[in-house]
Amino acid sequence: MQDWPLEASDATRLAEFCDAYESGESGRLDRQERFALMQLILFSLEDMVPDAAGDDRDTAALAERVERLLRRDFLLHLHTLDYWRLPDSGDGGEADGDVFALTPMARRV
């Protein structure tokens with residue numbers, strides 16, 4: 001499955017995925033497994049963000065948690081962030097809605 005993070009994403013399990021990522025930092029997951037898990041986390045968060053329209057406190061807290069994880073392991077997730085930040089979208093695409101819900105966060109990181 002080439003797009004397994006998209007197919008397996010589940011916004012209702014986002015906190016659980018973050019827990020697994022954090023517990024894996026103590027050596028339970030290797031770099032490749034953390035890389036793959038972060039892709040799952042980001043697709044799950046992308047599914048969650050539009051539904052909450054930025055008003056849901058749980059969603060905001062999870063988004064902040066994911067952003068902290070990305071900052072902590074920035075070099076590991078650099079190419080993944082590049083995908084989400086849409087570097088070739090010209091003016092940023094925000095005016096046309098031609099961005100992911102996660103694009104602003106990816107650009108901040």
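User: Where does Val 109 lie in relation to H6?

Analyst: This is a predicted model, and in it Val 109 lies in the segment that follows H6. Leaving aside residues up to four places away in sequence, Val 109 touches Glu 67, Leu 70, Arg 71, Phe 74 and Leu 81.

User: How far apart are Val 109 and Arg 85, in sequence and in space?

Analyst: The two distances are separate things to read, and here they are 24 residues in sequence and 9.3 Å in space, taken from C-alpha to C-alpha.

User: Which residues of helix H2 are buried, and on which side of the helix are they?

Analyst: In H2, which runs over residues 14-28, the buried ones are Leu 14, Phe 17, Cys 18, Tyr 21 and Gly 24. These residues lie on the same side of H2, because they cover an arc of only 120° around the axis. The face of H2 turned away from that buried side carries the exposed residues Ser 26, Gly 27 and Arg 28.

User: Which residues touch the most other members of the largest nonpolar core?

Analyst: A core can be read by asking which of its members have the most neighbours within it, and then which elements supply them. The largest nonpolar core here has 26 residues, and those touching the most other members are Met 38, Ile 41, Leu 42, Leu 45, Val 66, Leu 70 and Met 105. At least two residues of this core come from each of H2, helix H3 (31-52), helix H4 (57-72), H5 and H6. H3 gives the largest share, nine residues. As for Met 38, when residues up to four places away in sequence are not counted, its contacts are Tyr 21, Val 66, Leu 69, Leu 70 and His 77.

User: How many residues does H4 have, and which of them are buried?

Analyst: H4 has 16 residues and reaches 23 Å from its first C-alpha to its last, which is close to the 22 Å expected at 1.5 Å a residue. Its buried residues are Thr 59, Leu 62, Ala 63, Arg 65, Val 66, Glu 67, Leu 69 and Leu 70.

User: How many salt bridges does the structure hold, and what does Asp 19 pair with?

Analyst: Side chains of opposite charge can pair when their charged atoms come close. The structure holds seven salt bridges. One of them joins Asp 19 to Arg 65, with their closest N and O atoms 2.4 Å apart. Asp 19 is in helix H2 and Arg 65 in helix H4, so this pair ties together parts that are 46 residues apart in sequence. Asp 19 is partly exposed, with a relative accessible area of 43%, whereas Arg 65 is buried, at 14%. Arg 65 also forms a salt bridge with Glu 22, the closest N and O atoms being 2.6 Å apart. Glu 22 lies in helix H2, so the second pair ties together parts that are 43 residues apart in sequence.

User: Where do Arg 85 and Asp 82 lie, and how many residues apart are they?

Analyst: Arg 85 and Asp 82 both lie in helix H5, three residues apart, about one turn of the helix. They form a salt bridge whose closest N and O atoms are 2.9 Å apart. Arg 85 counts as partly exposed at 33% relative accessibility, and Asp 82 is partly exposed as well, at 32%. Elsewhere, salt bridges that share partners join Asp 19, Glu 22 and Arg 65 into one network.

User: What is phi of Leu 86 near, and where does this residue lie?

Analyst: Phi of Leu 86 is near 50°, a positive value in a residue other than glycine. Leu 86 lies in the loop between helix H5 (74-85) and helix H6 (103-108), and it is partly exposed, with a relative accessible area of 21%.

How values were computed:
Residues numbered from 1 in each chain as written. Predicted model: local features only at pLDDT ≥ 70, side-chain atom pairs only at ≥ 80, totals over all residues. Heavy atoms only, no water. Buried < 20%, exposed > 50% of the residue type's maximum accessible area, 1.4 Å probe, protein only. Helix = DSSP H or I, 4+ residues; strand = E, 2+ residues; numbered from the N terminus. Arc of directions from axis to C-beta. Core = buried A, V, L, I, M, F, W, Y, C linked by side-chain atoms within 4.5 Å. Contact = heavy atoms within 4.5 Å. Salt bridge = Lys/Arg side-chain N within 4 Å of Asp/Glu carboxyl O. Expected span 1.5 Å × (residues − 1).
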